[in-house]
Amino acid sequence: MSSTSLFPAKSKPSVLIVSPARADANNGNWHTAARWARLLRRHFRIAVAERWGGEPCDLLVALHARRSAPSIDAFAAAHPGQPLVVVLTGTDLYRDIRDDRSAQRSLEQATRLVVLQDQGLQELAPALRRKTSVIYQSAPRLAPAPPPRRRLTVVSVGHLRDEKDPLTFMRAAERLARRADIRFEQIGSALDPAFAAAARRTEAANPHYRWIAGLPRPATRQRIRRAHLLVNTSRMEGGAQVILEAVQSGTAVLASRIPGNLGMLGAAPAGGFDLGDDAGLARLIEQACDDRAWLARLRAETVARSPLFEPAEEERRLVELIRGALAPTQPQVPTP
């Protein structure tokens with residue numbers, strides 16, 4: 001790729017955001033890159049690319065320590081000491097940085113690191129924490145749906161793949177097949193044919209369960225808003241976008257007790273369940289259906305996290321990070 005500038009000739013600093021995912025992937029990395037570009041445009045000159053190919057820029061932001069490692073390596077070699085921000089995903093934090101040399105090298109080469117929820121700091125050595133900021137992702141608030149009357153709607157959102165553990169949601173739905181007053185919706189494309197087959201078996205076992213593949217993002221957000229419970233069963237998360245979208249929609253959350261989810265919801269959420277515990281998840285869903293006062297308390301606990309996920313707060317933290325990275329003589333103080 002040539003070194004032709006991606007940026008219009010203006011006086012603002014130029015920031016290139018590298019995301020290894022394309023728009024058609026419809027995943028968290030791409031949505032983060034697109035949202036950050038939108039939030040930062042009035043402060044900096046912004047471009048988004050799948051990789052760095054030599055284009056001049058004042059600062060590079062790379063999403064994913066392992067998958068963006070070639071871009072990080074090339075930029076660090078070409079511009080040693082120039083601002084380089086690496087954003088750590090769930091697979092980075094809870095898998096790759098433990099044993100993948102390219103991901104570990106990305107941590108070393110970065111001048112700044114970003115984690116997307118506060119528990120992510122615990123996965124880093126003290127020396128790395130000193131150059132790390134916590135930047136929660138955001139979504140606009142939506143008006144919540146009214147409380148359930150006759151039926152409780154429970155939704156799970158995410159591509160059907162192993163890291164998301166979609167089978168736990170399916171097994172919980174099968175346990176509650178007798179409950180005609182509980183409706184289950186599982187939204188996301190199956191990235192493994194085995195998960196598609198499991199979803200079809202669950203539909204046969206529970207007439208109140210529905211698998212919805214490939215739904216556009218705006219329609220998915222409306223499904224989250226209209227649901228009474230959002231369930232996240234993940235094995236690992238960097239900072240689940242669907243959790244904050246539920247918070248910003250007034251939808252109560254049940255989530256596996258993994259660090260990435262606890263970093264979003266707090267250390268001891270009332271809606272927490274053990275990873276893979278479909279029986280425990282089913283009990284919580286039944287409790288939400290049968291005890292509406294408990295559901296209201298769970299919703300209030302969830303919504304209390306909303307200030308962390310406001311677009312203005314995400315923009316503030318991003319701008320603070322980039323301005324600090326562009327002025328390396330200033331003290332590096334991580335965002336709390």
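# Close-up views of a predicted model

Figure 1. Let us start with His64, which is buried, with a relative accessible area of 3%. This model is predicted, and every view in this set comes from it. His64 sits in the loop between E3 and H2. Its backbone deserves a look too: phi of His64 is near 90°, a positive value in a residue that is not glycine.

**Figure 2. Asp165, another non-glycine residue with positive phi.** Here we turn to Asp165, where phi is positive at about 50° although the residue is not a glycine. Asp165 is placed in the loop between E7 and H6. With 5% relative accessibility, Asp165 counts as buried, since the cut-off for that class is under 20% relative accessible area.

**Figure 3. Trp52 and Phe75, an edge-to-face pair.** The structure holds three aromatic pairs, and this view shows one of them, formed by Trp52 and Phe75. The ring centres of Trp52 and Phe75 are 5.2 Å apart, with 85° between the planes. Why does the pair tie together parts that are 23 residues apart in sequence? Trp52 belongs to the loop between strand E2 (45-49) and strand E3 (59-63), while Phe75 belongs to helix H2 (residues 69-78), so the contact ties those parts together. Trp52 counts as buried at 11% relative accessibility, and Phe75 counts as buried at 1%.

**Figure 4. Phe169 and Phe184, a pair linking a helix and a strand.** The rings of Phe169 and Phe184 have planes at 70° and centres 5.7 Å apart, so this pair is edge-to-face. Phe169 lies in helix H6 (residues 166-175) and Phe184 in strand E8 (residues 182-187), so to speak of the pair is to speak of a link between distant parts of the chain, 15 residues apart. Both Phe169 and Phe184 are buried.

**Figure 5. The largest cavity and its lining.** Searching the whole structure gives two cavities of 30 Å³ or more. The largest cavity, shown here, has a volume of about 90 Å³. Which residues lie nearest its centre? They are Ser156, Val157, Gly158, Lys164 and Thr233, out of 13 residues that line the largest cavity. Strand E7 (152-157), E8 and strand E10 (229-232) each contribute at least two residues to this lining. Sorted by class, the lining of the largest cavity has seven polar, four nonpolar and two charged residues.

**Figure 6. The second largest pocket and its lining.** The space in the second largest pocket comes to about 310 Å³. Its lining is made of 16 residues, with Arg35, Arg38, Pro140, Gln241 and Glu245 nearest the centre. At least two lining residues come from each of helix H1 (28-40), helix H8 (217-226), helix H9 (241-247) and helix H13 (311-326). Which of the elements gives the most to the lining of the second largest pocket? That is H1, with five residues. By class, the lining of the second largest pocket divides into six charged, three polar and seven nonpolar residues.

**Figure 7. Cys57 and Cys289, two buried cysteines.** Cys57 counts as buried at 8% relative accessibility, and Cys289 is buried with a relative accessible area of 6%. How many disulfides does the structure hold? The number is zero.

Terms used. Residues numbered from 1 in each chain as written. Predicted model: local features only at pLDDT ≥ 70, side-chain atom pairs only at ≥ 80, totals over all residues. Heavy atoms only, no water. 1 Å grid on protein atoms, 1.4 Å probe; cavity = no way out; pocket = protein on both sides within 12 Å on 5 of 7 lines; lining within 4 Å. Points joined across faces, edges and corners; volume = space filled by probe spheres on them. Helix = DSSP H or I, 4+ residues; strand = E, 2+ residues; numbered from the N terminus. Nonpolar A, V, L, I, M, F, W, Y, C, P; charged D, E, K, R; others polar. Phe/Tyr/Trp six-rings, centres within 6.5 Å; stacked < 30°, edge-to-face > 60°. Buried < 20%, exposed > 50% of the residue type's maximum accessible area, 1.4 Å probe, protein only. Disulfide = S-S within 2.5 Å.
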